[in-house]
Amino acid sequence: MEPIKFVSPSSFFYWEKCPLKAVYSKEFRAQKFFPKHPDADLGSIIHSFFENKKEWNIFSTAAFEEKWEIEIKKLQDAYKRSNTQMIYVPVEWNAKYFAVKKILLKKSLLKEIELPEIKQITNIKFEQWIDDGKDIGGKVDYLILNERNEIVEIIDFKTGNIFDFKGKSKSIKIAYIQQLSLYAYIIKEKQNFYPKCFIQNIKGNKFEVEIKEEFVSGIYYRAIEFKAKTNKCIHDGDIDKLANPSTENCSYCDYRPICNQYKIKFINNFENKIVDICGEVVEIKGVEKLEIKIKLENKTLILKGISTIEKISIRDTIFVYNLFCPDGQSQILFAMKQTLIKHG
């Protein structure tokens, strides 16, 4: 496996929780083990509208609607060509708050047309890669530069919820604060002052992230230490040591099918409502929607409503991911849209 070249500011919060995820995300970047939820792709489309507003001439409702239909159709056509992504067609039925996000994006993009004429910012850059030359690097959504070509603002777009709530108070999610802090540190090292940092939501509202010297430096050196320890395990061929299996880290991880530590701790674990199991197929009923009887070490289960592109035979050992388990004692589990079968 290749060592990590740059720690990603947008991923560091999650990588630090389970360093093995960092290794897998690089090693298997071109491979998808589970269908990708359309929320992620819809977010990318929304980003591209902000980035390409001028190039796409999005200055009227008609222009927005036309381009929106083109981009969604491209995404939908790609899903139709994929056996795994087909479950999310049509996209507008499966992406969360699809209609709301479309409306908010349109309002945000066209808002400035309705405002009094103001001086436009021209010295801006989108999707710019920045790094410290050795350890930390990633793409910043939006940079504003002054006449000396110094970066005075960095803005990161988020299409989902940007706040954590505790009682009646709210604060920007720590993952986003860490991300902007790492960008800010890199920039400060190059120009000797911190830029202002903002999170911008789909409504076009900007929320400033306060930059504190001690916090920023601490995150930066944690990221460097993380890279060194992770690359040592890669060099030593002992990446399993990097795994940190827990319900929080593993429940929705895309790399469950290849993670040995996850399989040891959580396969055939029935503590949660959504479970992953492994066993031997002993009976198959049905044609399009299957009922499968599967034998585990200490019990036999019936899986209902299974739809799969995998060919399954009696005595096959299979892993079945994302099953609904009514309770820990239930002998019957139910397939969901995201249920997936892989051979052992």
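**Close-up views of the predicted model**

**View 1. A salt bridge joins Glu-65 and Lys-102.** The closest N and O atoms of this pair are 2.9 Å apart. The model is predicted. Glu-65 sits in helix H4 (residues 61-80), and Lys-102 sits in helix H6 (residues 98-114). The pair therefore ties together parts that are 37 residues apart in sequence. Are the two residues buried or exposed, or something in between? Glu-65 has a relative accessible area of 22%, so this residue is partly exposed. Lys-102 has 17% relative accessibility and counts as buried, because the cut-off for buried is under 20%. The pair also belongs to a network of salt bridges, in which Glu-65, Lys-102 and Lys-106 are linked. How many salt bridges does a search of the whole structure find? The search finds 20.

**View 2. Arg-256 and Asp-276 meet in a salt bridge.** Their side chains come to 2.9 Å, N to O. The pair links distant parts of the chain. Arg-256 is in the loop between helix H9 (247-250) and helix H10 (260-266). Asp-276 is in strand E8 (residues 274-285), and the two residues are 20 residues apart. Both Arg-256 and Asp-276 are buried.

**View 3. Glu-291 and Lys-304 form a salt bridge between two strands.** The N to O distance is 2.7 Å. Glu-291 lies in strand E9 (residues 290-295). Lys-304 lies in strand E10 (residues 300-306), 13 residues apart from Glu-291. Glu-291 counts as partly exposed, at 24% relative accessibility. Lys-304 also counts as partly exposed, at 30%.

**View 4. Five strands make an open sheet.** The strand order is E1-E2-E3-E6-E7, and the pairing is mixed. Which strands stand at the edges? Strand E1 (124-131) and strand E7 (206-209) do. Each has a single partner strand, so one side of each is left without a neighbour in the sheet. Neighbouring strands are turned by 40 degrees against each other on average, direction ignored.

**View 5. E1 pairs with strand E2 (residues 137-145).** The pairing is antiparallel and runs over seven bridges. Which residue in E2 stands opposite Trp-129? Lys-139 does.

**View 6. E6 and E7 form a hairpin.** The two strands pair in the antiparallel sense over four bridges. Phe-198 has Glu-208 in E7 as its bridge partner. Five residues lie between the strands of the hairpin.

**View 7. A nonpolar patch lies on the surface.** Which residues form the patch? Ile-274, Phe-324 and Phe-334 do, with about 230 Å² of accessible area together. Phe-324 is in strand E11 (residues 317-324). At 32% relative accessibility, Phe-324 counts as partly exposed.

**View 8. Asn-269 lies in the loop between H10 and E8.** Leaving aside neighbours within four places in sequence, Asn-269 is in contact with Val-275 and Asp-276. Asn-269 and Gly-328 are 59 residues apart in sequence. In space, the two are 8.6 Å apart, C-alpha to C-alpha.

**View 9. The whole chain gives the setting for the close-ups.** The chain has ten helices and twelve strands. The C-alpha trace spans about 70 × 50 × 40 Å along its principal axes. Of the 344 residues, 46% count as buried. The accessible surface comes to about 19400 Å². Carbon and sulfur atoms hold 51% of that surface. What share of the contacts with a separation of 6 or more comes from residues 24 or more positions apart? The share is 59%.

Methods:
Residues are numbered from 1 along each chain as its sequence is written. This is a predicted model: local features need pLDDT of at least 70, side-chain atom pairs count only at pLDDT 80 or more; totals for chains, interfaces and linings use all residues. Side-chain values use heavy atoms; hydrogens and water are left out. A salt bridge is a side-chain nitrogen of Lys or Arg within 4 Å of a carboxyl oxygen of Asp or Glu. Buried means under 20% relative accessible area, exposed over 50%, partly exposed in between (1.4 Å probe, protein chains only). Two strands pair if DSSP finds at least two bridges between them. Axes are lines fitted to C-alpha atoms, for helices over the stretch in contact, and angles run from 0 to 180 degrees between N-to-C directions. Contact means heavy atoms within 4.5 Å. Accessible areas come from the Shrake-Rupley method with a 1.4 Å probe; for residues, only the protein chains shown count as cover. Patches are made of residues with over 30% relative accessible area and no salt bridge: like charges are joined within 9 Å, nonpolar side chains (Val, Leu, Ile, Met, Phe, Trp, Tyr) within 5 Å.
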